[in-house]
Amino acid sequence: MLRFGIVSTAKIGRELVVPAIVDAENAVLAAVASRDLDRAQALATRFGAPHAFASYEEMLASDVIDAVYIPLPTSQHAEWAIKAADAGKHVLVEKPLALKAADIEPVIAARDRNKVLISEAFMVTYSPVWTKVRALLADGAIGELQHVQGAFSYFLRDATNMRNIPELGGGGLPDIGVYPTVTTRFATGEEPERLQATVRYDSEFGTDIYASVKAEFPGFEMSFYVSTQLANRQTMAFHGTKGLIEVVSPFNANRWGEETVLLSNQSHSETQAFRFQDSRQYVREVEAFSKAAAGGEVEVFSLEDSVKNQRVIDAIYRAGKLDGGWETV
């Protein structure tokens, strides 16, 4: 059983990842750390963790945990991943790991010198939904893939939310732009070569609130948009010469809607529905991470993959300043 400590009592940890750690077959919640001991103790009591700490440093220095989960504001992810690694702990860190691809290199160095596992928490890459999409594409179910189309949006105007605070790593691209990108890369096994983008910013917050992207991959194109100030939407579609794959509830599984992969034939006269009643993507993420930390052979999202995904986001920001010009990824 991998003993996890949680750095902070952030909402995503409380609602999604901590319950997944508790439910996982090979992990246990051992400790909670917060700068407010009462908050740490309350969360520890709620989920049955035996230890609570009033500082992150104190927990990292203890021998009651083997690994940490980091759901801090984005701007602190890389910093605390390095500190945890230097304390000899394995690290599962929320996405995005960093705000620039270059900032991930010191994290890789920390992983290598301490011989620990560090992984960015892209839960979608552990979902049977996306494993199914990858298998369908590999099997040629839609012929030659020609175009991928996606969207991810929500509406949030709360000035106190970290997603609207540049200093904390806020913005639509870091928060949700990473998802159409990572799922396309995961499902196809291909990397984008160049892209065009329109990026719009909020005049009050200074964060990016809308991005529309066209990317060229080897053999196919991808287009998607993301926004933090549009009505809620999630969709991903893979369009081929012989068929179409549509992913229902592609990112926020079980919270957005029914988890389903739809495979339609060329004439759209027949559609197969592959339904997943509960993908348990966060539990699968924790179990895969725990198995890998113990030396097991299991696919986890690597830091090298994190660099590749962040390079796409970096290129989108650059392309957004080019007035329609192409930017190399």
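Predicted model: local features only at pLDDT ≥ 70, side-chain atom pairs only at ≥ 80, totals over all residues.
Me: Which residues is histidine 77 in contact with, leaving aside its neighbours within four places in sequence?
Reply: Histidine 77 is found in helix H4, which covers residues 77–86. With a relative accessible area of 1%, histidine 77 is under the 20% cut-off and therefore counts as buried. Once its neighbours within four places in sequence are left aside, the residues in contact with histidine 77 are Ile70, Pro71, Leu72, Val93, Glu94, Lys95, Pro96 and Leu97.

Me: Is serine 249 buried or exposed?
Reply: Serine 249 is found in the loop between strand E12 (243–248) and strand E13 (259–265), and it has a positive phi of about 55° although it is not a glycine. Most residues other than glycine have a negative phi. Because the relative accessibility of serine 249 is 2%, and anything under 20% falls in that class, serine 249 counts as buried.

Me: How many of the 13 residues of H8 are buried?
Reply: Helix H8 spans residues 281–293 and reaches 18 Å from its first C-alpha to its last, close to the 18 Å expected at 1.5 Å a residue. Its buried residues are Gln281, Tyr282, Val283, Glu285, Val286, Glu287, Ala288, Phe289, Ser290, Ala292 and Ala293. H8 is therefore largely enclosed by the rest of the structure, the number of its 13 residues that are buried being 11.

Me: What covers the buried residues of H8?
Reply: The buried residues of H8 include Tyr282, Val286 and Phe289, and both helix and strand segments take part in covering the buried residues of this helix. What covers them includes helix H1 (11–23) together with strand E1 (2–7), strand E2 (27–33), strand E4 (67–70), strand E5 (90–93) and strand E6 (118–120).

Me: Which glycine follows H8?
Reply: Helix H8 consists of residues 281–293. The glycine that follows H8 has a positive phi, near 95°, and is glycine 295.

Me: How do H7 and H9 divide by residue class where they are in contact?
Reply: Helix H7 (residues 172–188) and helix H9 (residues 303–319) pack at an angle of about 120°, with their axes 10 Å apart, and H7 and H9 are therefore oblique to each other. From H7, Leu173, Pro174, Gly177, Val178, Thr181, Val182 and Arg185 meet Asp305, Lys308, Asn309, Val312, Ile313, Ile316 and Tyr317 in H9. The residues of this contact of H7 with H9 divide into eight nonpolar, three polar and three charged.

Me: Which residues of H1 and H2 make their contact?
Reply: H1 and helix H2 (residues 37–47) pack at an angle of about 50°, with their axes 11 Å apart. That angle lies between 35 and 65 degrees, so H1 and H2 are oblique to each other, and their crossing is right-handed. The contact is made by Leu43, Arg46 and Phe47 of H2 and, in H1, by Arg14, Val18, Pro19 and Val22.

Me: Which residues of H6 and H7 make their contact?
Reply: The axes of helix H6 (residues 128–138) and H7 come within 8 Å and cross at roughly 45°, and H6 and H7 are therefore oblique to each other. The crossing of H6 and H7 is right-handed. The contact is made by Thr183, Phe186, Ala187 and Thr188 of H7 and, in H6, by Trp130, Thr131, Val133, Arg134 and Leu137.

How values were computed
Residues numbered from 1 in each chain as written. Heavy atoms only, no water. Helix = DSSP H or I, 4+ residues; strand = E, 2+ residues; numbered from the N terminus. Expected span 1.5 Å × (residues − 1). Buried < 20%, exposed > 50% of the residue type's maximum accessible area, 1.4 Å probe, protein only. Contact = heavy atoms within 4.5 Å. Axes fitted to C-alpha atoms, helices over the stretch in contact; angles between N-to-C directions. Parallel < 35°, antiparallel > 145°, perpendicular 65-115°, else oblique. Nonpolar A, V, L, I, M, F, W, Y, C, P; charged D, E, K, R; others polar. Left-handed = near helix turned anticlockwise from the far one by under 90°.
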